[in-house]
Each structure stands twice: as structure tokens, then as C-alpha cells.
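Here are my notes on this model. Please read them alongside the coordinates.

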Amino acid sequence: MGKLYKAAGIVAVIAAVSGLYLYERFVGFERKGLESRFPANTQAYVSISHLRKTILAFATDDQLLSLTDLGKAIAKALGDSLRTAEEDQPEIELDPALLKSLFAHFKTQLVIGALPPSSPEQLHPDILLATHFYGSPTDLEAVLQQLAQTYSNEEYSFTWTTEKRPDATLRHLQYAGLNQETLPVAPCWTVHDDVFFLATNSAAIDRILSPQQTSLADDIALRELPEIIGSPDLVVHLNLENALQLAESLVASSEYADNPLLRSISLPVLFAQLGLSDAKSMTAAIELSRDRPLYLGFRYKNRAGLLNAVEPSSQQPPPVPQLLSLQADEQLNLNPGSLVEILKTAVTKASPLSNIPYFALRSRLLSESGVDLEAALQTSFHHQTEFLQTLDVGTGRDEDGEVRQRIVLDFAARFRLTDEQSILSIIESQLPEFRNQFPDTFYQERRGDIRMLLFDSEPDASITSGRFAIAYDGDSLFIGSGTLKTLELLIAAEDVRIPASPAGVPQNAIGQGSLTLENLPSELRRLAHVLYQQLNPDKPIPEDFQTFDWDQLVALQTRRQAAAYDDRQGHAYRISQRVEP
């Protein structure tokens, strides 16, 4: 009996060791995170925590599989709209065995980062890819040489050359037949401490291999992620510390640099007034398993500018009921009057010349309505704003003037009014101006207590997209754009509201929302056909669209709920997750 137990133990050990070996061979155990290899001033950072697990998830999960198929359909529509007969060229066929040899070297974390430019003359950042490496660098070099030969032809050729250094061996891509404008980078790669680095130039690799005093691993936004969302599979992180400098550089190098209006705006003042000078970072993270929680976070130094229009509170408005098969709704503790006031102050301080038309407008509105604009903005609104969006099908004119169907992002917003509704007096004082400026497209309607001011995109009533409307009653001010379907529904939704329970709502809550995707096979079939014809008006619907199994997209049907918070100490964030229907 003892020998039997001993033999069983040996078999169990062998099975365990074999399992561990196979897991490491085909999947790969996680290693130390690569955040520590990137400097703290990295401008942008995208991380896939485990490459093989992510590929496995997309290959086995019904919802992710359907998402991939939908992406292919959209890519087909976009690709056909961009491709011309002259551009059609035979695709290069790669040897599957060659690709298998390439991907055998990469299993776990993969990171792409944008580093600050390596020279003052360089406007664009250096791009660096890093991933844990498995196998022999010599084998990888042989595979990459074969790939370079595959993409070479009579017009141009590629090859990798080797540069040996004391700290690393670099391989540089050499090319002939292409000028620097066609390929404005000098790609190179190396393997160092079992990490593969590929960069747009060797200067980026030099910085990565140099000792780092501080790294992205020290960034609180990334360090606290596991406490907020668990183990995210995909992370996108943007460093906003140098956003002002980057924006100034882009504007200075753009075609708008000679625009007198832009030259009159001081970007440092504008950023400071909007609170963007106090912005530190933005981070998005998602976990592909379980309820697929999605985190969107904003880190700031001081609560200033636009954030002052949002008021954390445990008092939340009733949620918007489900009204559509495709629906995104959001409720925020946002005061639109404060938001407009902050934007006005930012623009007038950044561009003093803008005070002239602003004071002229304010004086005219005061004369015509008897109400001061700034006073109305300060006293007319509660900190309660609601948004409703959907994808709808409308009609519009193409480049040849023909009326065609098109996909429209239909949007509506509701702003809760206080008892002091002076903003409505200003709006009604402008009715003669609306009639004068838009004689053929402006009209009014009444729906019970609701007064609606509607602006069509053109007099032709068959054009149902590009519409805009303002509506109001004694409690709310509404705006809508698109086909106005969501505006109609948001107005009618008040009769079916269920009051929200204040229990369990944190004091730092600033909003809530939901996303509903239902009846997707029929909805996506309809939208996909319209999208293809919208992008390709002169082409018939391809056979791929006609034979595609749209019913399989039922796996994409979902409902997600979200909550937003601001701790007033430097962290505003939103978390959403999948919920049972």
C-alpha cells in the first residue's frame, strides 16, 4: 500500500511539473512589470499585461470574438472608402512558420510608450516598444532578417545591421530606395535583461538602458490601479504634466500658426483658467474577464477651472430609464451655468480682445431681455445635468447633393432649473433674432407644457439629420442635436422615472450612468449597411455583408452601469462594469 501511495505521489509531482512546464512553454508566467523600465516623464503608455492570455481571451470568449468580427466589418467599410483602383496592390504573403517563430519570443507583458523628443529640434515623441523576451536574440535576428527580405523589392530594400556596445548589442534597420520623408525614423532593437526593446531611434534605447531615478512604477495613478480595479488586462496612461508645452509646440508647427485669432490667445493663461495646468495624468484600464470593469481616472494637483462646475454630492437624480436598444446615458452633478462662466472667463482672459464682442453681446441681451447674462448663468441652474445618446439613421445630402441615409450620433441634454429662471427670459427675447437669421429653418412647437424651438439643417423636410432644438418648461431646459429622437424621449422620460434611493451613495459621488446594447443583430445589420453606403456611395453592398452571420453578434448584447467620483484631493474617476439584465 505504501508503494502505491509513493507511486501516486511521484505521478502527481510529474504531472504538476509537466503542467508548469507546458504553461511556461505555451502561456508564460508573469514577470516583473515593465513600468519600472520607463522614465517618469513618459508622455503616453499602453500596456497589455499578458499577451498570450489576451490572445486566448479574444479567441475563446464569445463576446470578444463577436467584437472582433464587428471590427472586421467596420474595417471593410472604411477600407473600401479609402481604397482606389490605382492603390490596389497585391498583399505580401508571409510564411506562417516565420510568424510562428517570431511570436514564440513574446508571451507576457507588452508595452508601447511615447518618450519626450530626444532632441530640441524634434517635434514628435520617440516611440518605444518593450516586452518580456523568451529564447535567443540570435534566433530573433534571423527571423527579422527574413522579414526584411520579404518586404524588399526592386525599388527598395531592408536589412538589419549589428552594433556591439559594452552594455548591449543594437540592431539597426538599414534601407535603400526610401528617403527620410517616406520613412522618417531609424528603427533599432536590442534585448537587455530578458526584455526586448524596439524604438524609433537609438537615442530612445540609450535613455531606457540608463539608470532611472524615477519611473512610471512610482506614478500613483498606476501604483493604485490594483486597489481600484484588480488586475487590468489593458492600461492606457497619458502624462499631462507637459500638455501645455506640447500643445504650444503643435500649434506653433501647424498651419494655424499664422491665424491672427489664434495668435491673440495666450495658451498658458487659457490652460490655467480651465484648470488644465493643474492636470497630472489620465488613465484608462479594463479587465477582460468577469464583469469587465472599466476604469477612467483623472489626476490633478489642485481642484480648479472646469472641475469647479462639478459638485460632489450624495444626492443623485433618478436614473434615466431604458428607452432604446442602443443607449448611453449619464447623470452628472454639473452646473451648466458655472461651466459657461468658466469657459467665458478663460477665453476673455487668454484673449483680451474677445472682451469686446462679449460685452457687446451681454449689453444687447440686457437691453432686449432686461436680464444680465452673467447673473442668469449664476442663478438659473442646479448642479444636475443629464445626457442621453444613441446611434440613429437619418438622411442628409452627399457630395453630389443626393439625399441618402446616414448614421447620426443623436444627443440630448437636460439641465435642471432653479426657481430663478431668468435664463429663459434671455432665450425668449431672442425669438425675433432666430426668425430673422433662420427664416426658412427655424420654427416653434408646443408639447403640453414644453415649448420647443427647432432649427433644421435646411428647408427640405426630408433631411432629418443635422437638426438642433432648444426646449423648456418650468423645471428644465433641454437641448438636442441629430435626428432629435433622444430629445423627444428625454422629455417624455419624466413620466416613467423611479426616484433614486440616497442610501449607499458616497459623499464624493459626482454622477452615474449606464450603457445598453440590445437587439444587436437587427440593429447592427441595419447600421452596418447604412454605414457602408454612406462611406461608399458608388459601390454596391459587398457579398461579405450579405452573407455575414449577423445573428452571432447577439453575444455583444450587454448592459453596463457606471458611477463617477471626485475625492477633492486630486483624483476624479469613473468605474463601469457589466451587470445582469
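1. What share of the contacts with a separation of 6 or more comes from residues 24 or more positions apart? The share is 66%. A contact means heavy atoms within 4.5 Å.

2. This is a predicted model: local features need pLDDT of at least 70, side-chain atom pairs count only at pLDDT 80 or more, and totals for chains, interfaces and linings use all residues. Residues are numbered from 1 along each chain as its sequence is written, and side-chain values use heavy atoms, with hydrogens and water left out.

3. Confidence next. pLDDT is the predictor's confidence in each residue, from 0 to 100. The protein averages 84, and 85% of the residues score at least 70. Over residues 11-27 the pLDDT is below 50; this stretch has 15 contacts beyond near neighbours in sequence. Residues 84-88 also stay under 50, with two contacts beyond four places in sequence. Where pLDDT is low, the predicted coordinates should not be read in detail.

4. The protein has 19 helices and 20 strands. These are DSSP runs (helices H or I, at least four residues; strands E, at least two), numbered from the N terminus. Of its 581 residues, 41% are buried, meaning under 20% relative accessible area with a 1.4 Å probe, protein chains only.

5. Helix α11 spans residues 267-274, with L267, L270, F271 and L274 buried. Seen down the axis, the buried residues of α11 fall within an arc of 95 degrees (directions from the axis to the C-beta atoms), so they line one face of the helix. Just after α11, G275 takes a positive phi of about 85 degrees.

6. Strands β4 (residues 157-164) and β5 (residues 169-176) run antiparallel, joined by eight bridges. Pairing requires at least two DSSP bridges. β4 and β5 form a hairpin with four residues between them. E163 has L170 in β5 as its bridge partner.

Conventions
Buried < 20%, exposed > 50% of the residue type's maximum accessible area, 1.4 Å probe, protein only.
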